[in-house]
Amino acid sequence: MKNALPLSLAILVAAAALGYSMYNKPHKDYALEEAVQTWTAEELVEEFKVNPPEMQSKWQENVVAVVGEVASSSGKTLILAPGVVANYDLGNEPDIEPSGVVKVKGRLVGFDDLFGEVRLDHVQLID
């Protein structure tokens, strides 16, 4: 009984220190990571339409590069034809709206079956 109080207190302090360090852990910086794969927008959308489960398991949460024609650009969202939706981080939007063929790099979030769109976030334009 005498040893239970100090042991319990030590476990409580260790758990609090671990929780504090995990809570204050810095976020992953996707801008510093290299793209593990490069696709054209058409190839990427087609691959996801043909075999979504395999593509999800293989590429989801990875940083990829996509080259495609800008279909729409507004604020923090860029849409590459035929259906790659790319979202910039807040404050990381380009000064001018991109047009023509662009190359972007970002984290692959997944595939939206309903709209047939591949989604990327933490996107940045690559020159």
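Modeller: Start with Lys28 and Glu33, which form a salt bridge with their closest N and O atoms 3.4 Å apart. Keep in mind that this is a predicted model.

Biologist: Why is the pair of Lys28 and Glu33 called a salt bridge?

Modeller: The cut-off is a Lys or Arg side-chain nitrogen within 4 Å of an Asp or Glu carboxyl oxygen. The closest N and O atoms of Lys28 and Glu33 are 3.4 Å apart, so the pair qualifies.

Biologist: Is Lys28 buried or exposed, and how do you know?

Modeller: Exposed means over 50% relative accessible area. Lys28 has 52%, so the residue counts as exposed.

Biologist: What makes Glu33 partly exposed?

Modeller: Its relative accessible area is 25%. Partly exposed runs between the 20% limit for buried and the 50% limit for exposed, so Glu33 falls in that class.

Biologist: How many salt bridges does a search of the whole structure find?

Modeller: Five. One of them joins the side chains of Asp121 and Arg107, at 2.5 Å from N to O. Asp121 is in strand β6 (residues 117-126) and Arg107 in strand β5 (residues 101-112), so this pair links distant parts of the chain, 14 residues apart.

Biologist: How do you know whether Asp121 and Arg107 are buried or exposed?

Modeller: Buried means under 20%. Asp121 is at 16%, so Asp121 counts as buried. Arg107 is at 15%, so Arg107 is buried too.

Biologist: What makes Arg119 and Glu117 a salt bridge?

Modeller: Their side chains meet at 2.8 Å, N to O. The limit is 4 Å, so the label holds. Arg119 is partly exposed at 29%, whereas Glu117 is buried at 17%.

Biologist: Now the rings. How many aromatic pairs are found in the whole structure?

Modeller: Two. In one, the ring centres of Trp39 and Trp59 are 5.1 Å apart.

Biologist: Why is the pair of Trp39 and Trp59 called edge-to-face?

Modeller: The centres must lie within 6.5 Å, and the planes must be over 60 degrees apart. The planes of Trp39 and Trp59 are at 85°, so the pair is edge-to-face. The pair links distant parts of the chain, with Trp39 in strand β1 (residues 38-40) and Trp59 in helix α3 (residues 52-59), 20 residues apart. Trp39 is buried at 9%, and Trp59 counts as buried at 12%.

Biologist: What makes the pair of Phe48 and Phe111 stacked?

Modeller: Stacked needs planes under 30 degrees apart. Phe48 and Phe111 have 15° between the planes and 5.5 Å centre to centre, so the pair is stacked. Phe48 lies in helix α2 (residues 41-50) and Phe111 in strand β5, so the pair ties together parts 63 residues apart in sequence. Phe48 is buried, with a relative accessible area of 0%. Phe111 is buried at 16%.

Biologist: Last, Ser73. Where is Ser73, and why is Ser73 called buried?

Modeller: Ser73 is in strand β2 (residues 63-74). Its relative accessible area is 18%, under the 20% limit, so Ser73 is buried.

Biologist: What makes the link between Ser73 and Glu97 a polar contact?

Modeller: Their side chains are joined at 3.0 Å.

Terms used. Residues are numbered from 1 along each chain as its sequence is written. This is a predicted model: local features need pLDDT of at least 70, side-chain atom pairs count only at pLDDT 80 or more; totals for chains, interfaces and linings use all residues. Side-chain values use heavy atoms; hydrogens and water are left out. Buried means under 20% relative accessible area, exposed over 50%, partly exposed in between (1.4 Å probe, protein chains only). Helices (H or I, at least four residues) and strands (E, at least two) are DSSP runs, numbered from the N terminus. Rings of Phe, Tyr and Trp (its six-membered ring) pair if their centres lie within 6.5 Å; planes under 30 degrees apart count as stacked, over 60 as edge-to-face and the rest as tilted. A polar contact is a pair of N or O atoms within 3.5 Å; within protein, one must be able to donate a hydrogen and the other to accept it, and residues adjacent in sequence count only if both atoms are side-chain atoms.
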